[in-house]
Amino acid sequence: MSRRERGPEPGPGGAEVAAEDAEPESPDQCLSLLPWDRFSAWLHCVCVVGFDLELGQAVEVIYPPHSKLTDKEKTNICYLSFPDSNSGCLGDTQFCFRFRRSPGRKVSFCCFLDQLDRDLPVYLKKDSAYYYGYVYFRQVRDKSLKRGYFQKSLVLISKLPYVHLFRTMLKQIAPEYFEKSEAFLEAVCSDIDRWPPPVPGKVLQLPLVGLTMKLRIPTYRDKPGTTPIVQNMHQADAQISMALPTVHEVDLFRCFCPVFFHIQMLWELVLLGEPLVVMAPSPAESSETVLALVSCISPLKYCSDFRPYFTIHDSEFKEYTTRTQAPPSVILGVTNPFFAKTLQHWPHIIRIGDLKLPGEVPKQVKVKKLKNLKTLDSKPGVYTSYKPYLNKDEEIVKQLQKGVQQKRPTEAQSVILRRYFLELTESFIIPLERYVASLMPLQKCISPWKSPPQLRQFSQDDFMKTLEKAGPQLTSGLKGDWIGLYRHFLKSPNFDGWFRSRQKEMTQKLEALHLEALCNENLVFWSQKHTEVETVDLVLKLKNKLLQADREHLPVNTDTLKKLQTHINDIILALPDDLQDILLKTGTT
């Protein structure tokens, strides 16, 4: 297949609008893409799952047809795309699921997409080991069918966690697809293959069958808790424009309403990576609640596994329900009553009813004991013997209760709740950030003639000593056993993931500073005072440094890299001709 050049598609009525913090795309990043490369930047494929009387759930259509799914992946998609029979989801239902990709697959078609991933906030970075499935399920009575019901799901499979974007897309295309079928699906996929890449920080215009969605994907440079407004613009043609306020956020207040009085305890459980089960009446409620839980520790990334909708047919069912070992660090969303018995040994269970916004103030509900959880019909609430480390914050409860009484819009309630969680998480993480920054060697310790210095080891005792004067009390008025909470957190997968990420950033910073120190030396003068063997060795090491800077995307500006390349060329040109020929041709691996 020959490559064809396809530059960025302008949105209807004009070019894409770039945000101030976005860097311009270089032509070689977006040109020379193969057909379906643009589609692949957003979606892996689109599936249609129907019900066959003999086979049960079956994948009827995969689009584009060349998309690859293993048999195991197809089986997972089949079972996860339909609600459990007990859910009784008549009409249209939207939800999402997450499942493991089969190992040994090619990860990415384009290093440009990896560059985009690096510009994302840590909690939005894609996990190449998992796919998300975004589902629009329709079940309506149809006497012409043997079963008496029409049952079908339109499913978007993607590595991207942009739940609000894909939910909005499905709401636009699924009802029409159920009426028009295959040709309409081809038109939708063809539109997606015209979309610009998902560049963080840019206002993107995405055409979709007569509609233009406008959105902005956050970047790691955004101030946490702020969402730049994407304004609707008048279109030059008849296309309708829809501005999405977010690509990934769920309705936080609506999700937490059934467990209103326990939000702070749930924040602690998620922060600590404790095993959590959400038992809900339908996949819509279970998936939204699981996603809300995972997002409540933002801007920290939840580093364990989470399944917004989990069934007894899931390929990890046995792994996650075994009683031969302690429950794993995972959040499961379930709807089948069978799980009430299978997972009753789990330490923390959240039981929720229908997610309807209350017209009255929720009543205070005590934490329930696990032994009282017999079936999925048990009363809504949190079933656990966990004792929170921090004292309860009564202010946030009063503020949200007042909002319910005053009929404050759910969007406004969610903003209040999201800000509360953000301030709580930041108060917790700032002392850790401050201590870890102190592990960085001083710049004066970096010598161009020695390897970059190592980070100092993380010491739990040393960190704990810093809390007396520089702990969370500087930014939070909450009292309680903060020390105990930190001790528990330092053993959790979330700390491990956070610390590895910070370690990598700081090590790359040291490598970048070392590179700059080399650039500031007179390397040609040095080579004149050393033997040819030592000079050749230096050239090879400098070439390796350049390769490393490119491979690991070190935080070095382009001028520094150009300066180093000039040093290398100048040193080589001062050597005898035979060595020049060899070194100019020599790349390093």
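How many salt bridges does the count come to? The count comes to 20, where a salt bridge is a side-chain nitrogen of Lys or Arg within 4 Å of a carboxyl oxygen of Asp or Glu.

## About the model

Welcome! This is a predicted model, in which local features need pLDDT of at least 70 and side-chain atom pairs count only at pLDDT 80 or more, while totals for chains, interfaces and linings use all residues. Residues are numbered from 1 along each chain as its sequence is written, and side-chain values use heavy atoms, with hydrogens and water left out.

## A buried pair and its network

Let us start with R98 and D305, which form a salt bridge whose closest N and O atoms are 2.7 Å apart. This pair links distant parts of the chain, 207 residues apart: R98 sits in strand β4 (residues 91-100) and D305 in strand β11 (residues 305-307). Helices (H or I, at least four residues) and strands (E, at least two) are DSSP runs, numbered from the N terminus. R98 has a relative accessible area of 4% and D305 one of 8%, so both count as buried (under 20% relative accessible area; exposed is over 50% and partly exposed in between, with a 1.4 Å probe and protein chains only).

R307 and E316 also meet through their side chains, in a salt bridge of 3.0 Å from N to O. R307 is buried at 0%, and E316 is buried too, at 3%. Salt bridges that share partners join R98, R100, D127, D305, R307, D314, E316 and E319 into one network.

Next, look at E288 and R254, whose side chains meet in a salt bridge of 2.9 Å, N to O. E288 counts as buried at 11% relative accessibility, whereas R254, at 24%, is partly exposed.

## Backbone features in the loops

Two prolines deserve a look. The peptide bond from Y63 to P64 is cis, with omega near -5°, and P64 is in the loop between β3 (56-63) and α3 (71-80). Another cis peptide bond joins S298 and P299, with omega about 10°; P299 lies in the loop between α9 and β11.

W36 is not a glycine, yet its phi is positive, at about 80°; its place is the loop between α1 (27-30) and α2 (37-42). H553, also a residue other than glycine, has a positive phi near 50°. You will find H553 in the loop between α18 (532-551) and α19 (558-573), partly exposed at 38% relative accessibility.
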